[in-house]
Amino acid sequence: MAVNLVNVEQVSKVYGTRALLDGVSLGVSEGDRIGVVGRNGDGKTTLIRMLAKLEEADTGRVTHNGGLRLGVLTQHDSLDPKATIRHEVIGDLADHEWAGSAKIRDVLTGLFGGLALPGFEHGLDTVIAPLSGGERRRIALAKLLIAEQDLIVLDEPTNHLDVEGISWLAGHLRNRRSALVCVTHDRWFLDQVCTRMWDVQRGTVHEYEGGYSDYVFARAERERIAATEESKRQNLMRKELAWLRRGAPARTSKPRYRIEAANELIADVPPPRDTSELMKFANARLGKTVFDLEDVTVQAGAKTLLTHLTWQLGPGDRIGLVGVNGAGKTSLLRALAEAARSQGETQPAAGKIVVGKTVKLAYLSQEVAELNPNIRVLEAVQQVRDRVDLGKGREMTAGQLCEQFGFSNEKQWTPVGDLSGGERRRLQILRLLMDEPNVLFLDEPTNDLDIETLTQLEDLLDGWPGSMIVISHDRFFIERTTDRVMALLGDRSLRMLPRGVDEYLERRKRMEEEATPASSAGTPKAAPANTVSPQAARAAKKELQKVERQLDKMSTRETELHAQIAAHATDFEKVAGLDTELRELVAERDVLEMRWLELAEEA
């Protein structure tokens, strides 16, 4: 039986007149890997800070198991600015000691690209004081991961990591024995790492089994049965579930009957985008030419990033751009933007960029544009336009679009100066879209946005007709909003990747292996995996069918119990009895699901 590490009992926390958490009770046990999601400002960070005893609760209590070894990554590190990276991360270990540790080598290579820390001028002996916030955060994360922990609490660990770093971190955390509680908006990361989800909403925390895909299914089903959320939120959740089931490889670990239930729930949901319809509209708005690049060289200062680049961005193209840091992703967008602003007069160091005559570009850079802090949110949007045409007869007022982006009627009258970083980012995107561009450049648009806002932005972009380039370390967002992925691999060229981000990671891994001399030529090959005899496979298949029938019956009974609980909501005694039966059913179902997975592998 798993040992309980942390107990949260009837915890409440109030800021001003707002209750962030109201009577929350939770537990973390050995082996748990918990993802925490919710809107910005709803209390995710407050919850994990109280969990780690970094912040006191107003009421209730938090207890830790005796001798608990706890590691915490907060939004602000506690590194000594006068110290070196070596002192903070490795401590007093001699070179032969830390270099002989597979764990330390893995962490340094995964987070910094090599044991020599190639991104830092003096390697491990670099002083911390002059480093950027992102560099300091990676150092703090490395320090935490190298230590031995029973429980790791991470607040936005993927911030400032590239696609490769996020992929490495997911694999590292999966292989650790430590329990994990993690706040992040990176949905791919949640799916890869987490086995449970906490959804923080309006003072309460809802618990779900499984990763992000399973959470989306469970929440959509819960909202359908309870019918307590407004229809647009239900539709958005079902739309995202539809994309998870149809548009990308299925990420859920649940058995087939759960997948069938998800498919039934989204049977009437159309595909996220009508690509052919959007392409027709984009052609009408843009004509044949958007950006044509002929033998272009892109430079940043004296550094040459791209050479002999011949490429075309056509009407309706939706491109995801990935690549190593410093390869020229942002520089390429800036070169295109400069050519567009000057109507082709500003050209790169070599070659030519031809810009279509009808191009109207909106460029979301990584820096948040400064706005008058004294004007209201709605006024900031209305300065651009009162109404916006979203295509195909869809039109929205500034207030309606504000509401879709999470600015309630009350919030629309908040001064811009009082907004958080994430809210200012949302406002910046909103102002760009209000100007009705036909070409969008989005450079790290997901920074500081919560999952609900990301879902709303994706929904809006689904029906947006035009050409788009997205630079993002959030591979879920790239897969969700774009149709093709292109990569800058650091060799001064732009490559198309038919298999997307997975192909990018494979190519990067091959490049690193080719750059590293083989050191294990004499290592014997691993023994082949155990095989299952045909007789055993047939027996497993037969039992698998039996288990599926049992799970189907359980699924039917679970739906009935949910309906009965909703129907007898005011009869507390009746609800308590139904709830007990439901819990027993869920526990039995989980055991059968594990058996289903074992049998499926054998069969």
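**Notes on the predicted model**

1. Leaving out residues up to four places away in sequence, leucine 20 touches Lys13, Tyr15, Gly41, Asp42, Gly43, Thr46 and Gly203. The model discussed here is a predicted one. Leucine 20 sits in strand E2, residues 18–29, and is buried, with a relative accessible area of 9%.

2. Nonpolar cores. The largest nonpolar core has 74 residues, and those with the most contacts inside it are Phe291, Leu293, Trp311, Ile353, Phe441, Ile469 and Tyr504. Helix H12, residues 329–341, gives the most to this core, with seven residues. Another core lies apart from the largest one and has 46 residues, among them Val37, Val89, Trp98 and Ala142.

3. Phenylalanine 291. Setting aside neighbours within four places in sequence, phenylalanine 291 is in contact with Trp311, Gln312, Leu313, Leu336, Ala340, Ile353, Val354, Val355, Val359, Val439 and Phe441. Trp311, Ile353 and Phe441, included in that list, are also named among the core residues with the most contacts.

4. Aromatic pairs. The model has six aromatic pairs. In one of them, tyrosine 212 and tyrosine 215 have ring centres 5.7 Å apart and planes at 50°, so the pair is tilted. The two tyrosines are three residues apart in helix H8, residues 212–226, which means that about one helical turn separates them. Both tyrosine 212 and tyrosine 215 are buried.

5. How is the ring of tyrosine 212 placed against that of phenylalanine 476? The centres are 5.8 Å apart and the planes stand at 90°, so this pair is edge-to-face. Tyrosine 212 belongs to helix H8 and phenylalanine 476 to helix H17, residues 475–481, so the pair ties together parts 264 residues apart in sequence. Both residues are buried. Ring pairs link Tyr208, Tyr212, Tyr215 and Phe476 into a cluster.

6. Helix H15. This helix covers residues 421–434, and its 14 residues should span 20 Å at 1.5 Å a residue; the end C-alpha atoms are 20 Å apart, which agrees. Of the 14 residues of H15, 11 are buried, so the helix is largely enclosed by the rest of the structure. The buried residues include Leu427, Ile429, Leu430, Leu432, Leu433 and Met434, and also Glu423, Arg425 and Arg426. Arginine 426 lies over the face of phenylalanine 407, at 5.0 Å from the ring centre. After H15 comes glutamate 436, which has a positive phi, near 55°.

7. Lysine 360. This residue is in the loop between strand E13 (350–355) and strand E14 (361–364). Its relative accessibility is 34%, so lysine 360 counts as partly exposed. Apart from neighbours within four places in sequence, lysine 360 is in contact with Arg385, Asp435, Glu436, Pro437, Asn438 and Val439. Arginine 341 is 19 residues from lysine 360 along the chain, and their C-alpha atoms are separated by 9.1 Å.

8. Salt bridges. The count comes to 31 salt bridges. One joins the side chains of glutamate 164 and arginine 508, at 2.9 Å from N to O. This pair links distant parts of the chain, with glutamate 164 in helix H6 (residues 163–175) and arginine 508 in helix H18 (residues 500–515), 344 residues apart. Glutamate 164 is buried at 16% relative accessible area, and arginine 508 is buried at 15%.

9. A salt bridge within one helix. Arginine 341 and glutamate 338 meet through their side chains at 3.2 Å, N to O. They are three residues apart in helix H12, so about one helical turn separates them. Are these residues buried or exposed? Arginine 341 is exposed, with a relative accessible area of 55%, while glutamate 338 counts as partly exposed at 37%.

10. A salt bridge between helices. The side chains of aspartate 502 and arginine 475 meet at 2.6 Å, N to O. Aspartate 502 lies in helix H18 and arginine 475 in helix H17, so the pair ties together parts 27 residues apart in sequence. Aspartate 502 is partly exposed at 39% relative accessibility, whereas arginine 475 is buried, with a relative accessible area of 5%. Salt bridges that share partners also join Lys13, Arg49, Glu55 and Asp58 into one network.

Definitions and conventions
Residues are numbered from 1 along each chain as its sequence is written. This is a predicted model: local features need pLDDT of at least 70, side-chain atom pairs count only at pLDDT 80 or more; totals for chains, interfaces and linings use all residues. Side-chain values use heavy atoms; hydrogens and water are left out. Rings of Phe, Tyr and Trp (its six-membered ring) pair if their centres lie within 6.5 Å; planes under 30 degrees apart count as stacked, over 60 as edge-to-face and the rest as tilted. Helices (H or I, at least four residues) and strands (E, at least two) are DSSP runs, numbered from the N terminus. Buried means under 20% relative accessible area, exposed over 50%, partly exposed in between (1.4 Å probe, protein chains only). A charge sits over a ring if NZ of Lys or CZ of Arg is within 6 Å of the ring centre and within 35 degrees of the ring normal. Contact means heavy atoms within 4.5 Å. A nonpolar core is a set of buried Ala, Val, Leu, Ile, Met, Phe, Trp, Tyr and Cys residues joined through side-chain atoms within 4.5 Å. The expected span of a helix is 1.5 Å times one less than its number of residues. A salt bridge is a side-chain nitrogen of Lys or Arg within 4 Å of a carboxyl oxygen of Asp or Glu.
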